[in-house]
Amino acid sequence: MTQEVEMKEAQAVSNTVSSASLPSTLQHLKEIASLIETGAYAKEVRRIVRAVRLTIMLRRKLKAATLSAFLNFALAPGSEAHSKLSSYLPKEDDRDMDVDTASSAAQGPKHSLPDIEIYCYLLVLIFLIDQKRYDEAKACSSASIARLKNINRRTVDILASRLYFYYSYSHELTNSLAEIRGNLLALHRMATLRHDELGQETLLNLLLRNYLHYNLYDQAEKLRSKAPRFEAHSNQQFCRYLFYLGKIRTIQLEYTDAKESLLQAARKAPVAARGFRIQCNKWAIIVRLLLGEIPERTVFMQKGMKKALTPYFELTNAVRIGDLELFRTVAEKFSSTFSSDRTNNLIVRLRHNVIRTGLRNISISYSRISLSDVAKKLRLDSDNPIADAESIVAKAIRDGAIDATIDHANGWMISKETGDIYSTNEPQIAFHSRIAFCLNMHNEAIKALRFPPNSHKEKESAEKRRERQQQEQELAKHIAEEEDDDDF
């Protein structure tokens, strides 16, 4: 018994020692502030990027007491930013604070850098959103944007892009996105005048999301076409842009461009962004079905996506079979899912593809079949199914979907014999699309390569240095030979 008590006490002591030896969240925040300060003075944007990445890792550990202590450390007490940010944080007991919180205000320097002030706004805003205090987050984001308008520093651009995102996100959570559309346009104009390309990328995506949220696709396309384009600075922002572009192209019936944009967005997205990749795959599946393609089964069996893509798998199965009744059943069964994904209108467009697929299967199976049997097999539920079947068959023949003729006198559809597909241009078209895809991927990979600055100059200087050394060696060898001749 005594041994167990001693072991528990020893374990408790070791746990307290290990917890005390580990750096606290507040200490991590101080190190991040020091990193931002160093990056601001040295004008090194990569340090600011690293600081933002480290902050995201600490996001779940943020507490009100820790943030209050950090504000006391980073901002001068009584300043406008300090009093405003402290008002969003609840007062907690000292026992909930970290080990070094009490002495932080006394020993910490008070920074006057605007980068540190903007970083404090970002920390408090993230904390409020995580605590689901959306109204306060909305007010805090508006205050941060008002402060940001008066700061024009390239080292602040990284932090500003994150603030823009959470500014829009907090208003989206409170269903008030329409209120900030004019402000986002003004911020985009300001970022363009300041040559803040990352801010332009972020704000363009936020504006596209704002327009698409209210189904304003024409306005979104007008903004996208007239906004200045440049080389992407952020892979995440580029993926979002491709996704929004794919949605716009889909609504505008430009399915080929939409498919390319959506598949590229899904491929470029980080593995951790599973929700974004699921949305890209959902829209890409619908677009491929509208193009008359059937997605591979592996698309629906991707890790972590099987459950989310189940409604679209059953929908794809109904389109593949060409069963109109099964298509209706699936559409009604998952209507709530399709409504939340905003793909209902696209699924209504798929009805024509289902009929065309079923008609193609009938034309392959039967050399001659009556239009009444076609209506029954397609399960047309109209008042005059035979007339509808005749018009559907005629339209499919005109579009080239089936190779057949209609005998109006007897009410038959007569299919022509299927020839050799390799005598047509279809294999050439398929190979051309694959080659174009591979070349496009190769070009993107070449563009994505990163080289050290002035690498070509360094290479030239190295070659010159090598030539100079070789000439010196030859000269030394020649001089040594002449000396040997003189000795003889």
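The legends below describe an overview and several close-up views of a predicted model. Residues are numbered from 1 along each chain as its sequence is written, and side-chain values use heavy atoms, with hydrogens and water left out. In this predicted model, local features need pLDDT of at least 70 and side-chain atom pairs count only at pLDDT 80 or more, while totals for chains, interfaces and linings use all residues.

**Figure 1. Overview of the chain, with its 24 helices and 3 strands.** Helices (H or I, at least four residues) and strands (E, at least two) are DSSP runs, numbered from the N terminus. Of the 488 residues in the chain, 40% are buried; buried means under 20% relative accessible area, exposed means over 50%, and partly exposed lies in between (1.4 Å probe, protein chains only). The chain exposes about 28,600 Å², of which carbon and sulfur atoms supply 52%. Accessible areas come from the Shrake-Rupley method with a 1.4 Å probe, and for residues only the protein chains shown count as cover. Among contacts (heavy atoms within 4.5 Å) between residues at least 6 apart in sequence, 66% join residues at least 24 apart.

**Figure 2. A network of salt bridges links Glu221, Arg224, Arg249 and Glu254.** A salt bridge is a side-chain nitrogen of Lys or Arg within 4 Å of a carboxyl oxygen of Asp or Glu. Side chains of opposite charge can pair when their charged atoms come close. Arg224 is joined to Glu221 by a salt bridge in which the closest N and O atoms are 3.1 Å apart. Arg224 and Glu221 are separated by about one helical turn because they stand 3 residues apart in helix H12 (residues 217-226). Arg224 is buried, at 13% relative accessible area, and Glu221 is buried at 15%. Glu254 forms a salt bridge with Arg249 at 3.2 Å, N to O. Glu254 is partly exposed, with 32% relative accessibility, whereas Arg249 is buried at 14%.

**Figure 3. A salt bridge joins Glu293 and Arg288.** The N to O distance in this pair is 3.2 Å. Glu293 is partly exposed, at 26% relative accessibility, whereas Arg288 is buried, at 12%. The structure holds 16 salt bridges.

**Figure 4. Helix H2 (residues 25-42) crosses helix H4 (residues 64-74) at roughly 35°.** The two axes come within 10 Å; axes are lines fitted to C-alpha atoms, for helices over the stretch in contact, and angles run from 0 to 180 degrees between N-to-C directions. From H2, the contact is made by Thr25, Leu26, Leu29, Lys30 and Ala33, and from H4 by Thr66, Ala69, Phe70 and Phe73. These residues divide into 6 nonpolar, 2 polar and 1 charged. Ala, Val, Leu, Ile, Met, Phe, Trp, Tyr, Cys and Pro count as nonpolar, Asp, Glu, Lys and Arg as charged, and the others, Gly among them, as polar.

**Figure 5. Asn175 and Arg342 have positive phi values.** Phi of Asn175 is near 55°, and phi of Arg342 is near 60°. Asn175 lies in the loop between helix H9 (157-173) and helix H10 (181-193) and is exposed, at 68% relative accessibility. Arg342 lies in the loop between helix H19 (335-341) and helix H20 (344-365) and is partly exposed, at 38%.
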